[in-house]
Every structure is written in C-alpha cells, then in structure tokens.
Amino acid sequence: MSDKQKAIVALTFVSQTCTTALGALDDGDRERSHPETSNLSVISKDLHSLFTLIYNLSTKLSLALSPSSPTYSASLPLLQDLAKHASGVVYCVSLLNEVQHGATFIRDTKNIIKGILESLRDLVQTFIELAACDLPSTCRTAGEDYLVRTAALHDLITTAQGSNGIPNDNRSAVRRNWSVDKATLEDGLSEVTRMIEEAERDEANHPTAEDDDFDDFDDGWDELGLGANTRLNKDELARAKSVYPILRLTTLLHKRIFLDVLSSTFLVPVPNVAYDLLLEQSHSLLAASDELVATLYPSQDPDSVCKEVAALMTIIAALRTRLQVFFSVDDGLDVELNQLSIQDAPLSKSCKVNKKWFDTCFDQMSRLSSSFVSPPHGEL
C-alpha cells in the first residue's frame with residue numbers, strides 16, 4: 001500500500017472518529033459511573049490542552065498535505081494523534097455530570113466541542129477529496145477549501161479557549177445565557193416604546209375626525225391581507241400604555257437577577273440545579289414577553305392581550321418560586337454572621353441579595369396586571 005493510500009485510510013479513520021465522537025456527545029447516558037476525577041478545574045485544563053494539540057496538529061496536517069506538494073508519509077502520525085485527541089475530548093466530557101458540574105455548563109461545553117469536531121471532520125474530508133480527486137476543477141476547489149476550513153477550525157479553538165469559550169463553571173454558563181435573554185427582552189421593550197411614541201405623534205398630528213376618515217378609507221389592500229393602516233387607535237394606545245409598565249418591570253426584574261443573584265458568590269454553595277432551573281424560567285419569560293409584545297400591534301385583540309398578560313404572570317410566579325432558594329441561602333448566612341464572636345474573622349456581605357427589592361417588584365407587577373388577569377366587565 002502506497003503512502004497516499006495509507007493517508008486516505010488514516011484520513012477516513014479520523015473522519016469516522018469525529019462522527020463517532022459527535023454521536024457520543026449527543027448520548028446523554030454516557031456519563032461515567034465512577035469517573036477518575038470530577039474536579040472541574042482539572043477537566044477544563046485537560047480540554048484546553050487537547051484543543052491546543054488539535055490546533056497545532058491541524059496546522060501541521062495542512063502543511064503536510066498542501067495540494068501543491070503533499071507529503072503523505074508525514075501526515076500519518078499527525079492523523080493518528082488527531083484521532084486520539086478527538087476521542088480524548090469526548091472522554092473529558094464523559095467525566096462531567098449535572099449534579100456536580102451543572103446541566104447548562106455541560107450543554108454549552110458540548111456545543112463548543114461539537115463545533116470543533118465538525119470543523120475537524122470537514123477539514124479531513126477536504127483532504128480526502130484532494131487525495132482522491134481526478135478532475136482538475138474539483139482539485140482546485142478542494143485546494144481552496146482546505147485553507148478556509150483550517151482557518152475555521154483555528155477560529156473555533158481560539159474562541160473555545162477565550163472568554164466566550166468553555167465557561168468557568170455552571171453559574172458562569174447560566175449568566176452568559178441570561179445575558180443573551182436580557183438583550184432580547186430589552187429589544188422587546190424598545191419595540192413597545194417606539195410603538196407608543198409613534199402612536200402619540202400620530203395622535204398629536206392628526207385630528208380624531210381625520211383619523212376616522214383614514215380608518216374608513218378602503219384602499220383595497222385589506223382584501224389581500226396587506227392592510228396599510230398599522231397605526232394604533234386611541235383604545236389600542238391606552239392598552240399598550242397599560243401593558244408597558246408590566247413589560248418594563250419584567251425587564252428590570254430580569255436585569256436585577258443578572259446583576260444581583262447571578263453575579264454573587266454565595267458563601268453557602270447553591271446547587272447547580274437551582275441555577276439551571278432559574279435559566280429555564282428566563283427562557284420561558286422571554287417567550288411569554290415576546291408573545292405579549294406581539295399582541296400589542298394593531299389590530300389588537302383585547303382577549304389575546306389579557307391572555308398573554310396572564311401567561312406572563314404565570315411565568316413570573318414560577319420565577320419567584322425559583323428565586324427562593326437563593327434567598328434562603330442568604331438567610332442562612334445572616335444566622336451564621338450573627339453567631340460569629342468578636343474574635344472571629346469577618347465575612348464579606350457582598351453576596352447578600354436584597355430580597356425586599358424583589359418582593360416589592362413582584363407585588364407591583366401583580367398589582368399592575370390585576371386589571372388584565374381579572375378585568376372588570378366591559379373594560380379592555
């Protein structure tokens with residue numbers, strides 16, 4: 001067997017190893033029952049080391065199999081090591097479990113590793129095509145692709161090893177996901193703000209009578225489902241203004257959790273599952289908020305608005321329940337602090353969460369939503 005044929009076999013083996021590794025990542029039941037280590041810092045360090053090895057080996061492989069002068073014999077030990085390290089990455093993931101390390105951390109880590117393994121497989125597949133191609137046009141295309149795919153793999157590994165890569169722990173992973181939801185919630189609130197401001201400008205610039213004439217004008221577009229009138233009428237504007245404070249407090253509450261709860265390091269450890277369940281409520285809150293914002297566009301259906309306000313408040317109530325574990329940890333710290341003697345070393349209170357602020361916010365939201373959840377007859 002020639003060196004070229006051996007290289008094709010080795011390339012194929014690496015590609016199959018990546019495919020198998022990707023399948024193992026999707027299998028949530030492959031946690032090791034008795035892992036050699038559960039220390040997150042050790043596992044993370046091993047992952048970063050493997051990423052560096054894959055980065056360097058892929059660079060050497062691209063030089064060895066350069067289409068202009070491929071050296072197939074030089075690629076063989078590189079491919080052997082790449083297959084070993086691809087399997088090693090999955091082995092590291094198998095050491096993780098949701099109780100000790102957190103479901104959000106594991107999910108985000110798996111997603112990053114999937115991207116790297118898929119990119120490595122794409123690069124290897126390009127070299128297989130280069131080694132096997134006979135048509136000059138095909139070889140030319142693959143010859144250009146290998147540089148692009150090498151760079152793509154390098155970019156993914158660099159990102160994985162940076163501040164936006166593998167999280168430090170589950171709280172960091174939840175905080176990163178929370179930040180994405182926070183930005184989307186703020187965008188939704190901005191939409192409603194613009195909607196109200198535009199409606200107020202229209203109301204100021206057009207007399208009521210002219211508005212009625214405009215509404216009654218039939219331009220024919222409505223029959224095609226492309227009605228041109230997208231302005232809020234007086235009742236719809238009033239309804240949007242009533243919903244706006246609820247959405248504003250929702251966004252503020254979400255931001256305050258990000259700043260206070262998810263940015264605090266509690267002296268009494270909070271279970272990883274508490275952070276994971278809190279993030280689930282964030283996703284639900286975002287979905288409910290989006291649905292509510294959508295009902296405020298003209299033409300509004302008052303029943304739909306009430307329904308979505310009620311759905312949002314159901315999520316808010318669940319979120320309040322999920323937060324209690326963080327407050328109870330805080331209360332436990334107060335007891336410990338009170339039991340300290342004068343001679344004891346002082347403990348930092350920077351981790352304390354202001355429960356009173358959250359209680360006030362939840363109560364205010366309940367009050368604002370009451371007219372929508374149980375509206376008096378004839379209103380809205």
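How many aromatic pairs does a search of the whole structure find? The search finds four aromatic pairs, a pair being rings of Phe, Tyr and Trp (its six-membered ring) whose centres lie within 6.5 Å. This is a predicted model, in which local features need pLDDT of at least 70 and side-chain atom pairs count only at pLDDT 80 or more, whereas totals for chains, interfaces and linings use all residues. Residues are numbered from 1 along each chain as its sequence is written, and side-chain values use heavy atoms, with hydrogens and water left out.

**Figure 1. Overview of the protein.** The protein contains 12 helices and zero strands; helices (H or I, at least four residues) and strands (E, at least two) are DSSP runs, numbered from the N terminus. Of its 380 residues, 40% count as buried, where buried means under 20% relative accessible area, exposed over 50%, and partly exposed in between (1.4 Å probe, protein chains only). The accessible surface is about 20,100 Å², and carbon and sulfur atoms account for 52% of that area; such areas come from the Shrake-Rupley method with a 1.4 Å probe, and for residues only the protein chains shown count as cover. Among contacts (heavy atoms within 4.5 Å) between residues at least 6 apart in sequence, 82% join residues at least 24 apart.

Figure 2. A pair of aromatic rings is described by the distance of the centres and the angle of the planes. Planes under 30 degrees apart count as stacked, over 60 as edge-to-face and the rest as tilted. The four aromatic pairs found in the structure include that of Phe127 and Tyr146, which is tilted, with 5.6 Å from centre to centre and 50° between the planes. Phe127 belongs to helix α5 (residues 103-132) and Tyr146 to helix α6 (residues 136-160), 19 residues apart, and the pair links these distant parts of the chain. Both Phe127 and Tyr146 are buried.

**Figure 3. The aromatic pair of Tyr275 and Phe326.** The ring centres of Tyr275 and Phe326 are 5.2 Å apart and their planes stand at 65°, so this pair is edge-to-face. Because Tyr275 lies in helix α10 (residues 272-295) and Phe326 in helix α11 (residues 302-339), the pair ties together parts that are 51 residues apart in sequence. Tyr275 counts as buried at 6% relative accessibility, and Phe326 is buried with a relative accessible area of 0%.

**Figure 4. The ring cluster and charges over rings.** Phe327, Trp357 and Phe358 are linked into a cluster by ring pairs. The charged end of Arg256 sits over the ring of Trp357, 4.3 Å from its centre. Lys182 lies over the face of Phe258, at 5.3 Å from the ring centre. A charge sits over a ring if NZ of Lys or CZ of Arg is within 6 Å of the ring centre and within 35 degrees of the ring normal.

**Figure 5. His154 and its contacts.** His154 lies in helix α6 and is buried, with a relative accessible area of 14%. Not counting residues up to four places away in sequence, His154 touches Tyr55, Ser58 and Thr59.

**Figure 6. Gln80 in helix α3.** Gln80 is found in helix α3 (residues 72-94) and is exposed, with a relative accessible area of 59%. Its C-alpha atom is separated by 9.0 Å from that of Leu11, 69 residues apart along the chain.
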